[in-house]
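Reader: Could you walk me through this structure, a bit at a time? I'll ask as we go.
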Amino acid sequence: MSITFENVSYIYSEGTPFRYEALSEINLEIEEGKMTAVIGETGSGKSTLVQHLNALLLPTKGTVHILGRTIEAGTQPKGLKSLRGDAGLVFQFPEYQLFEETVIKDIAFGPKNFGISEEEALKRARNAMKLVGLDEQYEERSPLELSGGQKRRVAIAGILAMDPKVLVLDEPTAGLDPMSTVRMMELFRKLNKEHGKTVLIVTHDMEQVFRYCDNVIVVEHGRIRTQSSVSEFFRDSSVCRGMNILPPAMIRMRDLLNENGFDIADTVMDTEALVNAVERQVKRHG
Amino acid sequence: MGEFTLGRYMPLDSPIHRMDPRAKIMAMLLCLIAIFIPAGWIGYGVMFVVISGVILRAGLSFRFVWKSMKPMMIMMIFLFIMNCVVLRTGDVLFTVFGISIYKEAVLQTLYIVVRLLLMVMITTCLTATTKPLDMTLGIEDLLKPFERIHVPAHEIAMLISIALRFIPDLIEETQRIMKAQESRGVDLKEGSLKEKIMAILSLIVPLFVSAFQRAEDLANAMEARGYAPGEPRTRYKVLKMTTADWLLIGCAALLLAAMIVLARMA
Ligand SMILES: Nc1ncnc2c1ncn2[C@@H]1O[C@H](COP(=O)(O)OP(=O)(O)OP(=O)(O)O)[C@@H](O)[C@H]1O
Ligand SMILES: [Mg+2]
């Protein structure tokens, strides 16, 4: 099973002079159980794309298949609410969605909307707080008085508490400090590897793509430029350089070594293997 | 809400778009006064034709104007019902469910509907063809003479321009928050009363928070660039009236005069 887009186009403000085709004829296949990165320039249509996954935006043309449901252009899909519970979407800058009196209530808001009992919702909320690294002292604080980064965690916890099967994150780490960023990414990986959730993450950070993701989708001017596995994508760095994407540091290091006389194969894809390869070649010459 | 067109600027290029905002505002005021002169159906017919001409000249479609009207439909239906209940004079037109509908009530409502329609058409001619910033420049200039009687022309213009500037932002923000809450299972259409109240709260609170945040940011940004209310400022854009602009005002005045004559004759 996978999530598929068939010839999906999306047009903002159709029928006015503001008409803007944000997605054109997109065909995509997102593997379930994998962690997929969506990358692309500012304004390329990433956010528009991911909002199709929980039917916040309905395609102007084409069809989306997700979790056994079919969303077709021109028809009003049924069972939207259950889809929104199954495909949790964390918005870009989600800190603006907080409104409850206390952090714990805000996190429990989502699950309660999907018919989970008050008690169970609070239990899930506490659990989600632990996951995102907010300790108990925050439970009774007002979410509006937290710092930007703390708000972000509350917002992410609010979606995690819904326990969705597919987790969609639109630039979840933008503006977080490096430590929190790493912790967040580790959390998403854990949710993916241990809890079997399909994770789709929009990011501008190639290190994150390289280190955490299985697959990558490149969006360019509302079209899919490439779709491949991460290892395939970064193997030959000229491919991503050709798309104006700076490869991750490890790949750049490999390129630099090769430019300066080393001969390291493009199958070398992690730091350890790189160190070994360098060691071998130095020894052979020494 | 993406369909919201009332008061929206349409970035087209037409002779109407290029006119001086002051001329357009003056002409609009004259036309608005003209609407309230009871010149009978001929008068309204003339106005409708003239304003339709302007709308077409500005490159706008009637569909756009119609969309602007839509939000007022409920109000008009309400008005019609009120009129039918309250106005019980004149001839009985017909009877439904034992309630007689009087001719007077229908006529009165029709008058109001036609006036509203004309009003929306006229204001659309202005707002859809004038950039918000030009509009405020125009308002400021037109208010200038009243500064002598201590009307803070510049401050009023600044207030209006900021309000106009924020309308699209707030609409966008509302849509964004709505989407974010819908992702959390909020259903704005269905649900019990309690759920509905929660849904509205989940929209209003973040909207207020972000509106205040924006206001503060803007105030800081303005102060950081040395803005002080009441101090003299120079202008980047200087408005200039052309012959066409004077002609527009002239035509509007003529229309008003025609209405007065028609009203006298009736
Ligand atoms: N509500 C809207 N109405 C009209 N146009 C929109 C709207 N939202 C986005 N767009 C346009 O669609 C295009 C794609 O926007 P989108 O938000 O999907 O970009 P993005 O890839 O997520 O960018 P970023 O990296 O900045 O988040 C942009 O050019 C934007 O101007
Ligand atoms: Mg985006």
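Author: Let me begin with a phenylalanine: A:Phe234 has a relative accessibility of 0%, so A:Phe234 counts as buried (buried means under 20% relative accessible area, exposed over 50% and partly exposed in between, with a 1.4 Å probe and protein chains only). Before going further, please note that this is a predicted model, in which local features need pLDDT of at least 70 and side-chain atom pairs count only at pLDDT 80 or more, while totals for chains, interfaces and linings use all residues. Residues are numbered from 1 along each chain as its sequence is written, chains are lettered from A and ligands numbered from 1 in the order in which they are written, and side-chain values use heavy atoms, with hydrogens and water left out.

Reader: How are the rings of A:Phe233 and A:Phe234 arranged?
Author: A search of the whole structure finds 8 aromatic pairs over all chains, where rings of Phe, Tyr and Trp (its six-membered ring) pair if their centres lie within 6.5 Å, and planes under 30 degrees apart count as stacked, over 60 as edge-to-face and the rest as tilted. The ring centres of A:Phe233 and A:Phe234 are 5.0 Å apart with the planes at 70°, so this pair is edge-to-face. A:Phe233 is buried as well, at 2% relative accessibility, and ring pairs link A:Phe210, A:Phe233 and A:Phe234 into a cluster.

Reader: Switching to the metal, which residues coordinate the magnesium ion?
Author: The magnesium ion, ligand 2, is coordinated by A:Ser47 through OG and by A:Gln92 through OE1, at 1.9 to 2.4 Å. Donors here are N, O and S atoms within 2.8 Å of the metal (3.2 Å for Na, K and Ca), and sites may look incomplete because water is not among the atoms.

Reader: And where do A:Ser47 and A:Gln92 lie in chain A?
Author: A:Ser47 lies in helix α1 (residues 46–50) and A:Gln92 in the loop between β6 (87–90) and α3 (103–113), so the pair ties together parts of chain A that are 45 residues apart in sequence. Helices (H or I, at least four residues) and strands (E, at least two) are DSSP runs, numbered from the N terminus. A:Gln92 is partly exposed, at 23% relative accessibility. The loop between β6 and α3 also holds A:Thr102, which is buried with a relative accessible area of 11%.

Reader: How much area is buried between chain B and chain A?
Author: About 2300 Å² is buried between them, and carbon and sulfur atoms give 62% of that; buried area is the accessible area (1.4 Å probe) that two parts lose on being put together, summed over both. In chain B, B:Lys179, B:Ser183 and B:Arg184 lose the most area to chain A, together 32% of what that side buries. The contact, meaning heavy atoms within 4.5 Å, takes 25 residues from chain B and 27 residues from chain A.

Reader: How many salt bridges cross the interface of chain B and chain A?
Author: The rule finds 2 across that interface, a salt bridge being a side-chain nitrogen of Lys or Arg within 4 Å of a carboxyl oxygen of Asp or Glu. B:Arg184 forms a salt bridge with A:Asp106, with the closest N and O atoms 2.9 Å apart. On the side of chain B that touches chain A, the elements giving two or more residues are α3 (62–69), α7 (153–183) and α8 (193–224) of chain B, and the largest share, 8 residues, comes from α7(B).

Reader: What about salt bridges elsewhere, say the one between B:Arg214 and B:Asp169?
Author: Over all chains the count comes to 25 salt bridges. The side chains of B:Arg214 and B:Asp169 meet at 3.0 Å, N to O, and the pair links distant parts of the chain, with B:Arg214 in helix α8 and B:Asp169 in helix α7 of chain B, 45 residues apart. B:Asp169, B:Glu173, B:Arg176 and B:Arg214 are linked in a network of salt bridges.

Reader: One last thing, is A:Ala55 buried or exposed?
Author: A:Ala55 counts as buried, at 2% relative accessibility. A:Ala55 is found in the loop between α1 and β4 (61–66) of chain A, and has a positive phi of about 60° although it is not a glycine.
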